[in-house]
Amino acid sequence: METLMTITAGILLSIGTYLILTKSLLRIVLGTSIFTHGVHIMLLSMAGLKTGAVPLLGEDAAAYTDPIPQALMLTSIVISFALTAFFLVLSYRTYKTFGTDDMDQLRGSKYE
Amino acid sequence: MSWIHFFILVPILFSVFIPILYKIFPRIHTGWFVLSIPIVLFIYFLQQVPSVMNQEPVLHTLSWISSLGIDFSVYLDGLGLLFSLIITGIGSLVILYSIYYMSKEREALHNFYVYLMLFMSSMLGVVLSDNVIVLYVFWEITSISSFLLIAYWYQRKGSRYGAQKSMLITIFGGLSMLAGFLLLSIVTDTFSIQAMIGMREEIFHHSLFLPAMLLILLGAFTKSAQFPFHIWLPDAMEAPTPISAYLHSATMVKAGIYLVARFTPIFGGATEWMWAVSICGLVTLFWGSFLAVKQTDLKALLAYSTVSQLGMIMSLLGVGSMALYPGTEEASILLSTAILAALFHLINHATFKGSLFMIVGIIDLETGTRDIRRLGGLMSIMPISFTITVIGGLSMAGLPPFNGFLSKEMFFTGMLNAAESIGSWTTLFPYVAWLASVFTFVYSLIIILKTFAGSYQPEKLDKKPAEPPVGMLIPPIILASFVVVFFFFPNTLSYTVLEPAMQSILPFLLNTGEQFHVHITAFHGWNMELLMTIGVVLFGTILFFTLKKWSAIYDHLPEKLNINDLYNAGLSGMEKFSSKIIDLHMTGYVRDYLVYLFTFVIVLIGSSALHFQVFSFHFQGNGPIEIYEIVLVVVMVLAALYVILSTSRVMAVIAVGAVGYMLSLFFVILRAPDLALTQLVVETITTTLFALCLIYLPKLKKEISRVRVKVTNLLIAIGVGLIFTLIGLSVQGHRLLPPISHYFEDAYELAGAKNMVNAILVDFRGYDTMFEVIVLLIAGLGVFTLIKLRPTSREEKE
């Protein structure tokens, strides 16, 4: 299971990277989103999967899944949400101001 | 911390108050406040003379970075004291002079004096530090303060050019000197100069001897403007004249001399050291004096003259170092006179050149020009200035009754002794010395006669000249009187300052307890030196009066030899080269920068992982895989792939949403209910946001890029995925430390929560969550600003 999930994470990272390298702003935003998903899966599988019960006390389980990666990822999910929202609005604003979402045309000039 | 540390740092500490004083007392020239500092320091160092004369010098240590062996240790011996007296003594006079030279209405005096105080501290630090690293730090601060002072009138192009040039050359030298110091410390395992002197024999036979020596000499030669690094000094004349008199003739340029003198006990006696120092010195001596004759700007003339005189002192230190050559006692005593001559001329040069610079500054202020083609006949208008110039000029030319005569005679003696006792090529030294002295005589005459004699041409001058205020004349008068006093009573210096300084340069020459006994006299009978001087006067006078006939040779100097052109070409060449490199990779395309980043990630992480062989895979202990999980994975990957291929915005956004929802399903399966809930909420909001923005964003275009770009993107994307997959897989087989999660199993007792993840977030790592909220807040503010606020363009505002 861990192997499968790690490979899935790798594929998502690849797809995310590819999208980030494209020209369209929207694709780049979507790429970062997918990249984050990949990272989350990676984190979770590194911690080991299905080795214990849900980390809720009172389940009377012999062992619980490690709660630390989950706590970490919870933070990460929320922050990446903030980032995506900001990024999205930024690209909207960029498009409004410059009339293009092509990164090649949004290139800064040499002596700015 | 002893008093001496405090006194070294006093100028820097005082500089804090200079801007305040400048603001509070705008009607009093700031220089009057500053003047007290060098005077107090001068008196302090004068008080140290008796103890330095009679006692062994003491090392005062103030610990700084002791763990690295870097301490602010001060060693006040004869050599350091001699330099300290020059720095503070000339410093006092220069500041007094600057009060009249720098207008308090027009000039930014606070800057000027802050730089000057910075310089004074650092220069004292250079000559008094025993730790080479501390010495290096002070050394570079002198370079920086010199840069700031040359560029003081930064509005002028010439000032900026000169400042940059001096900075580049002296910092280059400083860095190589640092390398030399480090090599020495590798050999001796210490940063203390005195300890290094004690390990002289080991250094001598070490393979790093020659590299260390050459690197340190490079530092000394660049700082002291020795050929071919002399080119920065004439351009440094763009600085205000007090600075030229102080930094660029009396003190800073002598830091190189100091360095050579200070390291003579370590390297002296080696023939390589002698040849390098003396030949470089002699070439500089000759070339400087030869070029000085050509100059028409009085300050440039003095600059070349300084170059030449520094070369002379350098060459004396070079031949004098052979006094430490083992096994030749008689020759040693003979050669030690060269060291004496160097030290004596060091003082003399400071006095006569200082007074000449000050007079040139006065002429510049009074007439509005320094061009000798426009000057002349000022003798009757400015008689006091004229007298001072005659004293300084003739001293420089080496005539009695001025101190320059004494040291010039001693210079000849030193060179003759070298020719006699060392032999081989040194037999040529007296000839070079004599020839350079002839040119020195010629340019000294030029300064005196072309400025003050000849016909007065008021129509060529911008102002009507007159004697300056008395206060401005006092410093050059004091210096000029020293020029005369030192001729008649040279031994007041030799007992007090020169002998201890010689002691520190040639510590091995004498048995313990012995002291040098120096007695300088003006007349030694009709010997070779006197004949040489007479020859200089005769031949120099002839050359001066036939100047017009032979000065054409300056036009025939080969162009290729022009080091200035070489410097300029080198500089612009390097600028072009660096801008080419920058243009090559700084394309302005974000995609290119991301490509660099990802490539580095792949190469660095991948290659180091391969190098340390961290890739190893163990698949046992994996959880079982259910069929529905495979389905989820396949859907997830397909959805992600669809985002790349899709040309419809809506579909792409939905596909990303699908990936997110699949992920939350996985969270459910993988025993993370909190994550699943959060992911679900976040994904919904994100997708809604995307959908909202879609109205405003343009349609997705098909990516039109060249195949090469696409292939690169693909390769990089696969590389990134691969690297992280491999790392992720390797991690599973390596559990180095046991998990600490059992601690959180006490969550109920510790935090009263049954949900461990929540307990971690809101209790154990509460601050993290608080900052996370702040991040959300900032992002929210950013979003709000981007949507709501429209920047009014500049045109609209105006």
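Author: Before we dig in, a definition: two strands pair if DSSP finds at least two bridges between them, and strands (E, at least two residues) and helices (H or I, at least four) are DSSP runs numbered from the N terminus. This is a predicted model, where local features need pLDDT of at least 70, side-chain atom pairs count only at pLDDT 80 or more, and totals for chains, interfaces and linings use all residues. Residues are numbered from 1 along each chain as its sequence is written, while chains are lettered from A and ligands numbered from 1 in the order in which they are written.

Reader: Nice! How many helices and strands are there in chain B?

Author: Chain B has 33 helices and two strands.

Reader: What do β1(B) and β2(B) form?

Author: A hairpin, with four residues between the strands. Gly69(B), in the turn, has a positive phi of about 75 degrees. The strands run antiparallel, joined by six bridges, and Leu59(B) has Tyr75(B) as its bridge partner in β2(B).

Reader: Why is β2(B) largely enclosed?

Author: Because five of its six residues, 70–75, are buried (20 or more other C-beta atoms, placed from the backbone, within 10 Å of a residue's own). Across chain B, buried residues make up 47% of the 798.

Reader: Switching topic: how many residues does the contact take from chain A and chain B?

Author: It takes 72 from chain A and 81 from chain B, with contact meaning C-beta atoms, placed from the backbone, within 7 Å. On the side of chain A that touches chain B, the largest share, 23 residues, comes from α3(A).

Terms used:
Two residues are in contact if their C-beta atoms, placed from the backbone, lie within 7 Å. A residue is buried if 20 or more other C-beta atoms lie within 10 Å of its own, exposed if 12 or fewer, and partly exposed in between; C-beta atoms are placed from the backbone.
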